[in-house]
Amino acid sequence: MEKGLDSIALTKEIAKAKRSSSKPLLEGIELVELPKITWIDQDQLEKDIQAILQSAADGIVISWDLWHIKTEHLKTLRDIIYTHSSQGGNNPNSSF
């Protein structure tokens, strides 16, 4: 199965989107696994969350339906965001 954008490409795409609009940018992240459509690799998930937090995004959209997200993925998201915000984060305008 093919993987999506790597975290470096994700960071570049977020920066490009941010430059092209004066509106707040909310970055979506895939957290719902659907057989033969999406597959969430834990290592890639952690890299993607870090990329979003280090980018110019103003916030993050995590799902269209929380009931379909594995608890493990939500805990990973929580832990990384908590660590990021307790360290002061990088973007003073961010909602993280």
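Which elements do the buried residues of α1 pack against?

A: The buried residues of α1 pack against β1 (26–28) and α2. Here is how that picture builds up.

First, the ground rules. This is a predicted model, where local features need pLDDT of at least 70, side-chain atom pairs count only at pLDDT 80 or more, and totals for chains, interfaces and linings use all residues. Residues are numbered from 1 along each chain as its sequence is written, and side-chain values use heavy atoms, with hydrogens and water left out.

Now the setting. The chain has three helices and two strands (DSSP runs numbered from the N terminus: helices are H or I with at least four residues, strands are E with at least two). Along the sequence they follow the pattern α-β-α-β-α. The chain has 96 residues, and 30% of them count as buried (buried means under 20% relative accessible area, exposed over 50%, partly exposed in between, with a 1.4 Å probe and protein chains only).

Start with α1 itself. At 1.5 Å a residue, its 13 residues should span 18 Å (the expected span is 1.5 Å times one less than the number of residues). The end C-alpha atoms of α1 are 18 Å apart, which agrees. Its buried residues are Ser7, Leu10 and Ile14. Seen down the axis of α1, these buried residues fall within an arc of 50°, so they line one face of the helix (the arc is that of the directions from the helix axis to the C-beta atoms). The face turned away from the buried side carries the exposed residues Ile8, Lys12 and Arg19.

Look at the N-terminal end of α1. Asp6 caps it: a side-chain oxygen lies 3.1 Å from the backbone nitrogen of Ile8. At the start of α2, a side-chain oxygen of Asp41 reaches to within 3.3 Å of the backbone nitrogen of Asp43.

Ser7 is found in α1. It counts as buried because its relative accessibility is 18%. Setting aside residues up to four places away in sequence, Ser7 touches Gln44, Lys47, Asp48 and Ala51 (contact means heavy atoms within 4.5 Å). Gln44 lies in α2 and is buried, with a relative accessible area of 18%. Beyond its neighbours within four places in sequence, Gln44 is in contact with Leu5, Asp6 and Ser7. Gln44 and Asp6 are 38 residues apart along the chain, yet their C-alpha atoms are separated by 7.7 Å.

Turn to α2. Its buried residues are Gln44, Leu45, Asp48, Ile49, Ala51, Ile52 and Leu53. They pack against α1, β1, β2 (59–61) and α3.

Last, the core. Nonpolar side chains tend to be buried together in soluble globular proteins. The largest nonpolar core here has 16 residues, and Leu10, Ile14, Ile29, Leu31, Leu45, Ile49 and Ile52 touch the most other members (a nonpolar core is a set of buried Ala, Val, Leu, Ile, Met, Phe, Trp, Tyr and Cys residues joined through side-chain atoms within 4.5 Å). The elements giving two or more residues to this core are α1 (7–19), α2 (42–54) and α3 (71–86). The largest share, five residues, comes from α2. Not counting residues up to four places away in sequence, Leu45 touches Ile29, Glu30, Leu31, Ile40, His73 and Thr76.

Definitions and conventions: A polar contact is a pair of N or O atoms within 3.5 Å; within protein, one must be able to donate a hydrogen and the other to accept it, and residues adjacent in sequence count only if both atoms are side-chain atoms.
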